[in-house]
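Colleague: Hi, could you walk me through this model? I have some quick questions.
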Amino acid sequence: MLAEKRGVFVNLALHENFGLTVIESASSGLPVVVTKNGGPSEIIPVCQNGELVNPQEENQIKKALRNILTDENRWKYYSNNGATNIQKYYSWISHVNHYVDLINENLSVSSTGIKKQHYPNINISRLKRKIDHLLVSDIDGTLIEPKLANPGLKELKAHLTNRTDKMAFAMASGRNLALVKKVIDEEEFPLPDFIICSVGTEIYYTNGKDYILDKGWAKFLAGRWKREDIVNRLKDIKWIKIQEEEAQNPYKISYYYDKEHYNHDELITALGTGWYKVNIIPSHGQFLDFIPKRASKGNAIKFLCRKWSIPLSNVIAAGDSGNDVDMFRGSVKGIIVGNRSAELADYETTKSIYVAKNSASEGILEGLKHYKVIK
């Protein structure tokens, strides 16, 4: 009835996990104005059946409603797109076909997968020990912040150096391995059990001076990743500039970007129909990474936990910027340090995320005390 009367469906939840009502509206030809937080942010770019808004910005909501209700051509565009694209992307048949493709892809990976890999240099017994807590921390701005004279760093290093076998430690960084090793050496960090680097596209195990790449993770990321095609599609975007060669790897394409001109929709349009296979990660107001959808610090943590039988509820992740957000999902406990970047400015303390008042390592210590990991 609402579609017949040329109406609009509005969902202004602070966070919508999936967006079933958006799909139902699309199938009936009813345009939508919906929250940009959660599932709708993936549905709307595909179905093109409405507009995403910040549910806390009244002017955005008014503008979106006005755009649709006062422009008959726009209303029809969203209405027709919804009815057509919902069948293409969200029907039962398309779901089954996509599911079967993923199964076939994972079967091909598992034929030479984790269980059949041989890592002669890994200390297996150390990685298989029973772990009560796994601290996973970002490096720059989180473990260290030279601009603030690295508050709390000495005390945190002492805790990590003296930790028992019941606590594991991992670094998760946008840095590549060489730069992670550099900070370990310069700051005299105790050796982490795991290193997740290059924005989650590489996992390494440490054993003395050996750093061993997890080839299973690399193979897992390879599926459906078309690096050269993505680079080619992005070449005409004026406000991004490719980073130096050492910042790149087979599963990470890194750019500098102009914060004043950042336009997420333009990136989605440039990537075309394959946009949903790519994670777009802006951080610190200047770095922009494109990585496989499967790749992220958060997914790397889940991969490690499944592989070494560590419950996700035993993980505490600490970060300060946009490329750390993915770590704070599921049953993982999050710590956002006080010197957080603009991407995390609106976060508040919840049951599973603690927003520290103190900065960098001092903020991590504050969070560990909050979760009663240390006294």
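Predicted model: local features only at pLDDT ≥ 70, side-chain atom pairs only at ≥ 80, totals over all residues.

Colleague: At what angle do α2 and α4 cross?
Modeller: Roughly 110°, with the axes of α2 (residues 40–47) and α4 (residues 72–90) coming within 9 Å. Helices are DSSP runs of H or I, at least four residues, and strands are runs of E, at least two, numbered from the N terminus. Axes are lines fitted to C-alpha atoms, for helices over the stretch in contact, and angles run from 0 to 180 degrees between N-to-C directions.

Colleague: And which residues meet there?
Modeller: E42, I43, V46 and C47 in α2 meet N81, G82, N85, I86, Y89 and Y90 in α4, where contact means heavy atoms within 4.5 Å.

Colleague: Switching topic, what is the strand order in the sheet?
Modeller: The order is β1-β2-β3, an open sheet of three strands with parallel pairing. Strands count as paired if DSSP finds at least two bridges between them. At the edges are β1 (9–11) and β3 (50–53), each pairing on one side only. On average, neighbouring strands are turned by 15° against each other, direction ignored.

Colleague: How many bridges link β2 and β3?
Modeller: Four, in the parallel sense, with β2 covering residues 32–35.

Colleague: What is T35's bridge partner in β3?
Modeller: T35 is partnered by V53.

Methods. Residues numbered from 1 in each chain as written. Heavy atoms only, no water.
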